[in-house]
Amino acid sequence: MNQPLTNKLALVTGSSRGIGAAIAARLAADGASVIVNYAASPQRAAAVVDAIRKDGGAAEAVQADVSTAEGRKALIAASDQAFGGKFDGRLDILVNNAGTVEFGPFLEAKEGAYERHFDLNVRAVMELSHEAAKRMSKVGWGRIINIGSAFGEGVPLPGVAIYVGSKFAVNGFTRALSRELGALGITVNGVQPGPVNTEMSPEDGPHAPLMISRTSVGRFGRVHEIAHAVAFLAHPHAAFVNGENINVDGGWLA
Ligand SMILES: NC(=O)c1ccc[n+]([C@@H]2O[C@H](COP(=O)([O-])OP(=O)(O)OC[C@H]3O[C@@H](n4cnc5c(N)ncnc54)[C@H](O)[C@@H]3O)[C@@H](O)[C@H]2O)c1
């Protein structure tokens, strides 16, 4: 079996379900030892880990709320201990996937909406990237992959202003950081999904028909289709791809 990520430690934030779970499974299938981070659902994280192990992969679940500084610190400390301490001090592949969205008119935004969007969708991405980059620069190899959104480049419907602000920030951060880290052997790229069938964005939700009509393939995406793009970026042969935000959006932004 071709396993290009053997002996790499991968951390996928928010990977107990949805897109993150598919990314964790795919990176493990490609040989990485994967930290399955979750905030609040140990059973679901355990199910993701069990499925990976059943398929012959390596994974460990780590609880941490990455929207807080304490959570991020605890996550990195736990990653050092994981897999018997085999990867202590290393972090080869960071996938910043955890994210949140609150739909609704801007004038009716709920108290704390800015903090909830920006602490998780932006600050966690920046601070975990900082920690990862320190570690990756010591070995001269690394992959930082940020899960943004097609809403990080285009705005097809109202009611998403704060989320869009946060995902545009991720798009810009990804491109800007790639300029600083490329010469160190670290690539920084993003994947920007269009509508993908998850609990965040169910294909039978109220906005689904509008979203489908904006794609050219005429359907919602599947989580493994996002994971495939992440696996491409994580692959050692993708070393010449840097500062790119790949739209996996069924043609939404074409
Ligand atoms: N589904 C879509 O249509 C879509 C489209 C564009 C972008 N995205 C992006 O893809 C990523 C994953 O989305 P999804 O659809 O799988 O969503 P989801 O809500 O199904 O999953 C999000 C995951 O993040 C975890 N999480 C939430 N807060 C956390 C925290 N504080 N700390 C750690 N983990 C936390 C959740 O537990 C969950 O596992 C997000 O960044 C989202 O913005 C999704």
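**A parallel sheet, its helices and a ligand**

In this predicted model, 7 strands form an open sheet with parallel pairing. Read across the sheet, their order is β3-β2-β1-β4-β5-β6-β7. Two strands sit at the edges: β3, residues 58–63, and β7, residues 245–248. Each of these pairs on one side only. Neighbouring strands are turned against each other by 20 degrees on average, direction ignored.

What holds such strands side by side? Strands of a sheet pair through backbone hydrogen bonds, either parallel or antiparallel. Take β1 and β4 here. Strand β1 covers residues 9–12, and β4 covers residues 93–96. The two run parallel, joined by 3 bridges. Val12 has Val95 of β4 as its bridge partner.

Now turn to the helices. Helix α2, residues 42–54, lies across β2 (33–38) and β3. Its direction makes an angle of about 170 degrees with β3. Helix α4, residues 113–139, lies across β4, β5 (142–147) and β6 (186–193). Against β4, helix α4 runs at about 175 degrees.

Next comes the ligand. How many residues surround the ligand? There are 28, and the closest are Arg17, Asp65, Asn97, Tyr163 and Thr198. Arg17 reaches the ligand with its side chain: an N or O atom there is 2.7 Å from a ligand oxygen. Asn97 uses its backbone, where an N or O atom lies 2.7 Å from an oxygen atom of the ligand. Taken alone, the ligand exposes 820 Å², and the protein buries 90% of that.

How values were computed. Residues numbered from 1 in each chain as written. Predicted model: local features only at pLDDT ≥ 70, side-chain atom pairs only at ≥ 80, totals over all residues. Heavy atoms only, no water. Pairing = 2+ DSSP bridges. Helix = DSSP H or I, 4+ residues; strand = E, 2+ residues; numbered from the N terminus. Axes fitted to C-alpha atoms, helices over the stretch in contact; angles between N-to-C directions. Contact = heavy atoms within 4.5 Å. Near = heavy atom within 4 Å. Polar contact = N/O pair within 3.5 Å; in protein donor to acceptor, adjacent residues only side chain to side chain. Areas by Shrake-Rupley, 256 points an atom, 1.4 Å probe, with all protein chains shown as cover.
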